[in-house]
Amino acid sequence: MTTFGYLCSLILMCILVSSNAQLQQNFYAKSCPKAEKIILDYVHKHIPNAPSLAAALIRMHFHDCFVRGCDASVLLNFTSSSGSQTEKVGIPNLTLRGFSFIDDIKKIIEAECPGVVSCADIISLVARDSIVVIGGPFWNVPTGRRDGTISIASETLSDIPSPFSNFSTLQNDFAKKGLDLKDLVLLSGAHTIGVSLCTSFSNRLYNFTGTFGTQDPSLDSEYAANLKAKKCKSINDNTTIVEMDPGSFKTFDLSYYKLLLKRRGLFQSDAALTTSTTTKTYINQLVAGSLKEFYVEFAQSMEKMGRIEVKTGSTGEIRKHCAVVNS
């Protein structure tokens with residue numbers, strides 16, 4: 001082979017490797033053509049009966065992508081061979097739900113196409129389909145993610161944005177994952193659905209400065225009084241569930257952002273979005289705009305998040321069972 005021919009072959013090989021390493025729409029069109037419809041059908045069958053799971057599943061997707069990328073490492077159980085506790089038992093993930101939902105879909109997919117569809121893609125598709133089923137936005141989910149083999153509990157604390165974070169911490173947490181301030185505002189918009197335990201914000205009501213009896217001055221006093229009287233009646237309450245977007249927590253709308261401007265965001269991290277001129281401007285633009293415009297922008301940020309540090313090509317594996325690495 002001539003030098004020119006060798007270079008052409010090398011370039012072609014690089015192009016092929018590069019293209020294989022990218023996510024793409026309908027990645028399973030030939031290898032498992034029914035995969036996406038199986039997932040959609042399962043979501044259509046079950047989410048209407050348990051709509052609160054939609055919020056839980058998009059939260060799972062978010063928590064998965066922020067630790068080691070979107071690789072389903074959040075699904076792994078502890079095993080003696082791994083030698084470390086997994087993300088599942090990391091403090092931010094102790095309230096995650098939906099693991100059995102993912103496992104049930106994986107069983108159906110495995111029966112159709114053994115060893116083909118990754119758990120990482122299943123999480124990504126389920127999160128999207130669940131939000132659409134409850135009337136929320138659609139976003140593209142290119143597929144081809146592979147599953148990670150490492151899951152470490154301690155990384156959840158360092159990588160998953162906390163409800164107690166201030167603006168600069170949130171900015172850094174998102175920037176580490178290639179997400180900007182617009183993404184921060186838009187992805188936080190998922191708080192328009194779902195609920196939280198008092199433990200994620202009761203410090204704002206009872207112990208904000210570290211001295212018992214101090215309250216977060218950035219929280220609307222009337223809203224705080226209502227929370228203390230009717231919801232989180234004690235700083236020790238770890239069972240009461242509170243709507244993140246009161247009166248509208250089942251609807252994917254702009255109400256969350258309107259509440260932020262009234263100083264009624266539930267978390268410290270919600271309130272932090274109004275402390276930056278840049279993010280507050282984004283919030284005002286969203287509130288002044290249409291729901292359709294929000295959906296379009298939210299979709300762009302979700303697709304961007306779904307690409308964080310993905311494993312493709314020959315990296316990682318396709319797990320047979322989502323909770324354990326292949327033996």
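Predicted model: local features only at pLDDT ≥ 70, side-chain atom pairs only at ≥ 80, totals over all residues.
Residues are numbered from 1 along each chain as its sequence is written, and side-chain values use heavy atoms, with hydrogens and water left out.

A disulfide is a covalent bond between the sulfur atoms of two cysteines; here we call one whenever a pair of cysteine sulfur atoms sits within 2.5 Å. For Cys-65 and Cys-70, the S to S distance is 2.0 Å. Both ends are buried, Cys-65 at 0% relative accessibility and Cys-70 at 0% too. By buried I mean under 20% relative accessible area, while exposed is over 50% and partly exposed is in between (1.4 Å probe, protein chains only).

The structure holds four disulfides. Another one joins Cys-32 and Cys-113, with sulfur atoms 2.0 Å apart. Cys-32 lies in the loop between helix 1 (3-20) and helix 2 (35-46), and Cys-113 in the loop between helix 4 (99-112) and helix 5 (119-133), so the pair ties together parts that are 81 residues apart in sequence. Quick note: helices (H or I, at least four residues) and strands (E, at least two) are DSSP runs, numbered from the N terminus. This link has a torsion of about 85°, so it's right-handed.

Cys-119 is in helix 5 and Cys-322 in the segment after helix 14 (291-305), 203 residues apart. Count the bonded cysteines along the chain, and the pattern reads 1-4, 2-3, 5-8, 6-7.

On to charges. There are 17 salt bridges in the structure, where a salt bridge is a side-chain nitrogen of Lys or Arg within 4 Å of a carboxyl oxygen of Asp or Glu. One of them pairs Asp-121 with Arg-145, the closest N and O atoms being 2.7 Å apart. Asp-121 and Arg-145 are both buried.

Another salt bridge pairs Lys-177 with Glu-309, at 3.3 Å between the closest N and O atoms. Lys-177 lies in the loop between helix 7 (167-175) and helix 8, and Glu-309 in the segment after helix 14, so this pair ties together parts 132 residues apart in sequence. Lys-177 is buried at 13%, whereas Glu-309 is partly exposed at 39%. These two also belong to a network of salt bridges with Asp-159, Asp-173 and Lys-176.

Last stop: His-191. An unreviewed UniProt entry annotates His-191 as "binding site"; such positions are given in the numbering used here, feature names are shortened, and annotations may be inferred rather than shown by experiment. You'll find His-191 in the loop between helix 8 (181-188) and strand 1 (195-197). What does His-191 touch, not counting residues up to four places away in sequence? Its contacts (heavy atoms within 4.5 Å) are Met-244, Asp-245, Tyr-256, Phe-267 and Asp-270.
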